[in-house]
Amino acid sequence: MIKKIDPQSFQSKRLGTYLIEAELITPEQLNTALKTQQLSGEQLGKILATHGFVKQQTIEYLMSNLVLPERNKILTNQSYSNNRKSDYLSVVESDNSIKPENVMVGWQSAHQLQVYLSANKTFKFLLVVVLLFAVVSLIANYNIYYLPDFLGRDLLRILFDLNSEDNIPTIYSGTALLFCSILTEIVFQAQKSAKNKDSWAWRGLSIVFAGLSLDELIGLHERLTKPLGEMFNTSGFLYYAWVIGGAIFVLVFLLVFGRFIIHLPRKTRHLFLIAGTVYVSGAIGTELIGGYYHYYYTSNSMLYSSITTVEEVLEMLGVIIFIYALLSYINSNMKGIDIGIHLNDGKKQNHRN
């Protein structure tokens with residue numbers, strides 16, 4: 001609940017004061033933002049939102065529904081007895097004076113393009129996409145094995161077969177993993193600004209998922225099957241020998257990030273573990289079954305295509321759960337992140353500096 005503010009003392013209050021009185025930020029967070037402002041010269045509200053201390057929407061709502069109305073009211077009341085209107089036009093946490101009506105223009109121009117992501121809506125949307133991929137992939141393979149040739153039959157499989165490379169599902173998987181890398185990098189930047197000692201882990205996760213994205217797009221892990229198979233003379237469940245390297249990677253990952261994951265908030269920790277379990281059960285667990293069937297039977301059958309479809313769907317579902325976990329973490333523990341694209345004239349910017 002925002003406390004009632006005495007209009008007579010309004011001219012001495014600044015944005016940070018309003019936010020503290022409303023218990024939206026702490027004095028420590030305000031001091032951190034003010035120090036950053038001294039170095040960058042950016043608007044205080046933008047800095048607070050970038051650090052994740054308060055949502056950009058909250059600041060804009062406060063400015064338009066409380067700060068500016070109160071300022072305009074005071075200016076109207078004082079204009080009859082005092083012509084020095086400029087005394088009441090000080091900018092919030094800034095050394096330069098601008099008119100109150102221009103403050104919102106500044107906020108709007110600071111973010112020409114904004115993207116707001118809902119964890120629930122993103123999860124549902126991606127889930128529908130994955131299910132569509134699975135259905136189309138199964139239909140495409142069914143056409144190959146059970147229906148006579150017709151125009152576009154082979155093309156449908158080439159474009160949507162989940163077990164194939166360089167097609168639409170592959171691009172989706174690589175993009176989804178890259179999105180995980182971007183989200184973890186955003187969290188890293190915010191945690192670094194807040195001087196969180198565990199910020200290194202978020203940067204590490206960002207690097208890992210960037211690598212997984214690249215691997216998904218170029219199929220690097222599959223290139224390990226032949227040399228590892230020849231080295232260890234694998235067969236049966238280990239016919240796809242790359243799973244040996246994959247299992248080692250999972251163990252190293254748990255050793256490096258295990259303690260960090262354990263100390264995450266409860267909901268985030270559980271979602272991370274669920275996402276990892278689902279992803280590994282598909283990438284390695286189901287791959288073992290597929291390798292066994294391929295070695296003893298064949299890879300040219302509807303049953304094998306069904307096994308690989310389950311494998312890829314589990315991988316995609318694990319990534320979706322991880323994305324949901326990241327978006328939920330940002331929303332619950334960092335008061336939201338505003339993603340904006342800022343277009344500035346480089347010459348004009350340099351001139352101002």
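**Exercise 1. Determine how helix 8 and helix 13 are oriented relative to each other.**

Solution. Helix 8 and helix 13 are roughly parallel to each other, a label given to angles under 35 degrees, whereas angles over 145 count as roughly antiparallel, 65 to 115 as roughly perpendicular and the rest as oblique. The model is predicted, so that local features need pLDDT of at least 70 and side-chain atom pairs count only at pLDDT 80 or more, while totals for chains, interfaces and linings use all residues. Residues are numbered from 1 along each chain as its sequence is written, and side-chain values use heavy atoms, with hydrogens and water left out.

The angle behind this label is roughly 25°, at which the axes of helix 8 and helix 13 (residues 302–333) cross, coming within 10 Å; axes are lines fitted to C-alpha atoms, for helices over the stretch in contact, and angles run from 0 to 180 degrees between N-to-C directions. Helices are DSSP runs (H or I, at least four residues), as are strands (E, at least two), numbered from the N terminus.

The contact (heavy atoms within 4.5 Å) involves residues including Y172, L183 and Q191 of helix 8 and M316, F322 and I330 of helix 13. By class, 17 nonpolar, three polar and no charged residues take part in the contact of helix 8 with helix 13, where Ala, Val, Leu, Ile, Met, Phe, Trp, Tyr, Cys and Pro count as nonpolar, Asp, Glu, Lys and Arg as charged, and the others, Gly among them, as polar.

**Exercise 2. Determine how helix 6 is oriented relative to helix 8, and which residues meet.**

Solution. Helix 6 (residues 119–146) packs with helix 8 at an angle of about 150°, their axes being 11 Å apart. Helix 6 is therefore roughly antiparallel to helix 8. On the side of helix 6, L126, V129, V130 and F133 meet I168, P169 and Y172 in helix 8. This contact of helix 6 with helix 8 comprises seven nonpolar, no polar and no charged residues.

**Exercise 3. Is S328 buried or exposed, and what are its contacts beyond its sequence neighbours?**

Solution. S328 lies in helix 13. Its relative accessibility is 8%, and therefore S328 counts as buried (under 20% relative accessible area, with exposed over 50% and partly exposed in between, for a 1.4 Å probe and protein chains only). Once its neighbours within four places in sequence are left aside, S328 is in contact with A119 and K267. For the protein as a whole, 41% of the 353 residues count as buried.
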